[in-house]
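Subject: Structure handover

Hello,

Here is the structure for you to take over. Please open it first, then read the notes below.

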Amino acid sequence: MKHKLNKLIEKIYSTIYKTIKRSSAYLHEPEINQNDITMVQKILKSGYVSSVGSSIAEFENKLCNFTGTKYAVAMTNGTSSLHIALLSSGIRVQDEVLVPAMTFVASANAISYCNAIPHFIDSDINSLGIDNEKLRIYLEKNTIIKNSECFNKNTGRRIFGIIPVHIYGFIGDIKTLKKIAVRFKIKIIEDAAEALGSFKDNRHSGTFGICGCISFNGNKIITTGGGGALITNNQKLANRARHLSTTAKKPHKFNYFHDEIGFNYRMPAINAALGLSQIQKIDKLLKAKKTLRENYRVNFKEVKGVSFFEGPSDCDANFWLNSIVLNEEFVEYQDIIIEKLINMGFQCRPIWTLMNKLSPYQNNPSMNLNNAKNLEKSFITIPSSSFLCKSNGNFKFK
């Protein structure tokens, strides 16, 4: 087995090298060009670098135009956006919120910030989204509808909503999920942190529920350094989100009056300036991501022992991160394979540790998570920066 394992590791390494034409690469790096630098310098020279700069509103308008939404509220990161989304949507203390166990911890943490309870559900193997059929059966068995609200029969708590997470940019069967949400009287708030530029049925991620949340962290499709945004077509929700994320301060020329407990979550202008430059090239970045994905897909067909994860065919994904899936015989060696690939120069990682395994969430309500467990132990995510697509060995946008 040792020989087979070493052979597989060498083959994975050589396939990544063949695809990106370089001997080392991080998992995902931002594309920074001279225009990005110029835009940030312009804001620095203006002196309006905090949350009062004009670049914030400009960036929000660009986001609305790109995503096809009426309103966008730029914030400090995707986590704060999700926190504000939940509060603005009417979550109450001790509500339960359905969320995949297979997600980044921010999805669960944002629920906890509201003094609510993450309730973990299983994933779909083909899309990495929610297993809708499993969810439907689970809700039929474990919930009851009272006064047009959904309650957990086991805990007595209200189930306020559900957070589908568009992992690696893939949008799952959101149409079926919406039908389930309507039937069981629960709200959909999309965690689209990784899905800027992903579409399904000609609709952008984050537009299927009452609102969606996007991240502009340094490792995302475009970056503002840190940063995130709430997008929605609901004016009342957008106004509430803007108010809460601006310390709940009532507008006034000079007085500081805050009518409730708010949060200092508004995106600084210096970050928005970088976002304005970044979003100008998003179409080129998405095109490069698709090229890289296709090259990986073709090249990994020759590798025995793994399969390239393609995702759902009915989703126009942004292909934020590319992954391979280990065959059953190699699953137990996942950590060894990842560590060796890192030592050889390619930063790789598994999907996150499941939320129900983390210390803060081990006692939370949860459905059977067999699919998520299988995905957790078999996935390896590989270098996916936009400039790694094959074009004279080093593709960059200037």
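**Confidence and ground rules**

pLDDT is the predictor's confidence in each residue, from 0 to 100. Contact means heavy atoms within 4.5 Å. The protein chain averages a pLDDT of 95, and 98% of the residues score at least 70.

This is a predicted model, where local features need pLDDT of at least 70, side-chain atom pairs count only at pLDDT 80 or more, and totals for chains, interfaces and linings use all residues. Residues are numbered from 1 along each chain as its sequence is written, and side-chain values use heavy atoms, with hydrogens and water left out.

**Helix α4**

Helices (H or I, at least four residues) and strands (E, at least two) are DSSP runs, numbered from the N terminus. Buried means under 20% relative accessible area, exposed over 50%, partly exposed in between (1.4 Å probe, protein chains only).

Why is α4 largely enclosed by the rest of the structure? Because 9 of its 11 residues (the helix spans 78-88) are buried. Among them are Leu82, His83 and Ile84. Asparagine 77 caps the N-terminal end: a side-chain oxygen lies 3.2 Å from the backbone nitrogen of threonine 79. Just after α4, glycine 90 has a positive phi of about 105 degrees.

**Glutamate 194**

Glutamate 194 sits in the loop between β7 (187-191) and β8 (199-200). It is buried but has no salt bridge. That term means a side-chain nitrogen of Lys or Arg within 4 Å of a carboxyl oxygen of Asp or Glu. The nearest side chain of opposite charge is arginine 349, 5.1 Å away. (Lys and Arg count as positive, Asp and Glu as negative; His and the chain ends are not counted.) A polar atom of the glutamate 194 side chain lies 2.5 Å from the backbone nitrogen of tyrosine 168. Its contacts beyond four places in sequence include Lys220, Asn318 and Trp352.

**Cysteines**

The whole structure has 0 disulfides, a disulfide being a pair of cysteine sulfur atoms within 2.5 Å. For cysteine 348, the nearest cysteine sulfur is that of cysteine 389, 18 Å away. Cysteine 348 is buried, at 5% relative accessible area. Cysteine 389 is buried too, at 2%.

**Positive phi**

Most residues other than glycine have a negative phi. Serine 148 has a phi near 65 degrees, and is exposed at 54%. Phenylalanine 319 has a phi near 50 degrees, but is buried at 10%.

Best wishes

Note on methods:
Polar contact = N/O pair within 3.5 Å; in protein donor to acceptor, adjacent residues only side chain to side chain.
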